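Subject: Structure handover

Hello,

Please find the structure below, with notes on what was found in it. Could you look through the notes with the model open beside them?

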Amino acid sequence: MSRRLVLEELIRSAPISQADVVRRTGLSRATVASVVTELTAEGRLVTVDGPAPNGRGRPPRLLQPHAGSGVVAGLDLGHSHLAIAVADLTGTLLAETRTPMNIDASADAAIDTAVTSLQKMLGELAAGGELGAPKSIVIGVPGPIDSTTGQLRSGTVLSGWVGVQPAEEFSRRLGQPVVLENDANLGAIGEYTYGRGRGIDNLLYVKVSSGIGAGMILNGELYRGSRGTAGEIGHVQVSEDGPLCRCGSRGCLETQSSAEAALALLRQTHGPQMTLEDAIAIVRAGDPGAVRLFTDMGTAIGRVVAAVSANLDPQLVVVGGPMVDDPGPLLAGITAAVRRYTQPYVSSQLVVAGGQLHQRAGLLGAVAMATQLATAP
Ligand SMILES: [Zn+2]
């Protein structure tokens with residue numbers, strides 16, 4: 001447990017002084033000292049010189065996980081993109097790409113493209129030398145993962161993926177195991193490790209995209225629920241006799257407040273060709289109808305976030321996804337509703353903010369999780 005806490009702190013904050021590791025982990029100085037000695041002897045940790053205070057005097061000694069001992073890979077598959085990153089074991093990115101891709105049409109084609117692109121990236125990084133296979137690979141997908149089977153709960157989100165076993169398909173093509181994870185969960189880990197949520201152990205990450213999902217960090221750990229579907233706030237019912245949802249229920253939050261729902265309404269007033277990029281552009285330009293729509297969607301999402309916050313008492317709600325600007329009407333709607341529908345005691349402590357990592361949150365979360373898996377004792 002102490003080893004894991006120290007390693008996680010190093011990955012999150014390196015280079016970091018031993019005193020800061022003591023402060024941030026809450027472990028005793030003696031415990032941290034013995035773990036550091038152990039990790040150094042195993043070659044998993046090196047000591048580097050930090051910048052001298054005021055540019056003079058003895059530079060502080062800082063700890064850093066050893067970078068030369070392997071790489072990890074993170075992938076983020078979205079409804080319209082494929083993003084890939086390779087990092088060293090400290091979580092420092094070595095390469096990153098993001099390309100537009102329709103993954104819904106064919107799972108087979110999407111998996112082939114993802115595997116080929118990752119192998120090309122690894123080949124380029126090795127540059128003729130020996131890089132070795134990634135120590136771990138984490139792949140984010142836009143749907144809930146059933147934790148009893150490790151599989152995407154097909155049919156709920158990705159129409160072209162019904163019956164496909166993505167973890168097995170990736171493993172077979174790559175010749176090594178992979179870990180599948182829900183995209184909102186990875187967004188939460190990304191913002192917690194590298195972004196707005198650094199150092200905040202109780203936070204919600206809400207992703208507003210084609211669907212709506214939340215990732216929860218509780219007491220510094222990702223919370224997945226008993227079967228992996230915790231945080232599916234897009235399927236909270238907000239209207240008893242609302243539109244049918246792809247999940248089989250009616251009047252779910254995402255039938256009225258997702259990108260799909262926004263486009264369905266905007267196409268009636270602004271023309272059938274409207275894309276999500278167009279919608280975001282007219283909101284930024286101040287189009288009154290579009291601003292009203294985004295604000296109302298934010299209000300509906302905020303009511304559900306308020307209920308979740310009343311239950312979980314988080315310190316921070318980070319809102320991510322392509323439609324969210326900070327400041328912007330969607331975030332303003334969410335913030336106002338959270339203020340209005342939580343008890344004053346909860347809302348006075350709770351910060352609602354846009355993400356710092358923007359569209360990279362899921363990818364960086366995949367890298368962070370892969371780094372944790374690769375360096376776990
Ligand atoms: Zn639903």
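Helices (H or I, at least four residues) and strands (E, at least two) are DSSP runs, numbered from the N terminus. This is a predicted model in which local features need pLDDT of at least 70 and side-chain atom pairs count only at pLDDT 80 or more, while totals for chains, interfaces and linings use all residues. Residues are numbered from 1 along each chain as its sequence is written, and side-chain values use heavy atoms, with hydrogens and water left out.

Loop residues

Asn-219 lies in the loop between strand E11 (212–218) and strand E12 (221–223). Its phi is positive, about 50 degrees, although Asn-219 is not a glycine. Asn-219 is exposed, with a relative accessible area of 64%; here buried means under 20% relative accessible area, exposed over 50%, and partly exposed in between, using a 1.4 Å probe and protein chains only.

His-358, in the loop between E14 and H13, is a residue other than glycine with a positive phi, near 50 degrees. His-358 is exposed, at a relative accessible area of 57%.

Pro-327 sits in the loop between E13 and helix H11 (329–341). The peptide bond leading from Asp-326 to Pro-327 is cis, with omega near 5 degrees.

Gly-160 is in the loop between strand E8 (151–152) and helix H5 (166–174). Gly-160 is partly exposed, with a relative accessible area of 25%. Leaving aside neighbours within four places in sequence, Gly-160 is in contact (heavy atoms within 4.5 Å) with Asp-104, Ala-105 and Ala-107. The C-alpha atoms of Gly-160 and Thr-37 are separated by 51 Å, and these two residues are 123 apart along the chain.

The sheet containing E13

This is an open sheet of 5 strands with mixed pairing, in the order E12-E11-E10-E13-E14. Two strands count as paired if DSSP finds at least two bridges between them. E12 and E14 are the edge strands, each pairing on one side only. Direction ignored, neighbouring strands of this sheet are turned by 25 degrees against each other on average. For angles, axes are lines fitted to C-alpha atoms, for helices over the stretch in contact, and values run from 0 to 180 degrees between N-to-C directions.

How much of strand E13 (residues 316–320) is buried? Of its 5 residues, 5 are buried. Leu-316, Val-318 and Gly-320 are buried on one side of E13, and Val-317 and Val-319 on the other, which leaves both faces covered.

E13 runs parallel to strand E10 (residues 203–208), and 5 bridges join the two. Leu-203 has Leu-316 of E13 as its bridge partner, and Leu-204 stands opposite Val-317. E13 is also joined to strand E14 (residues 351–354), by 4 bridges and again running parallel. Here Leu-316 stands opposite Val-351. Helix H11 lies across E10, E13 and E14, and runs at about 170 degrees to E14.

The sheet containing E3

The order here is E5-E4-E3-E6-E9, in an open sheet of 5 strands with mixed pairing. Its edge strands are E5 (93–100) and E9 (179–182), each of which pairs on one side only. The twist averages 15 degrees from one strand to the next.

Strand E3 (residues 71–77) and strand E4 (residues 81–88) run antiparallel and are joined by 7 bridges. Val-72 has Ala-87 in E4 as its bridge partner. Helix H4 (residues 107–126) lies across E3, E4, E5 and strand E6 (137–141), at about 30 degrees to E4. Helix H6 (residues 183–194) also packs on the sheet, where it touches E3, E6 and E9, and its direction makes about 85 degrees with that of E9.

Helix packing and rings

The axes of H6 and helix H13 (residues 361–375) come within 6 Å and cross at roughly 75 degrees. The contact includes Leu-186, Ile-189 and Tyr-194 of H6, and Leu-364, Val-367 and Met-369 of H13.

The charged end of Arg-303 sits over the ring of Tyr-341, 4.1 Å from its centre. For this, NZ of Lys or CZ of Arg must be within 6 Å of the ring centre and within 35 degrees of the ring normal.

Regards
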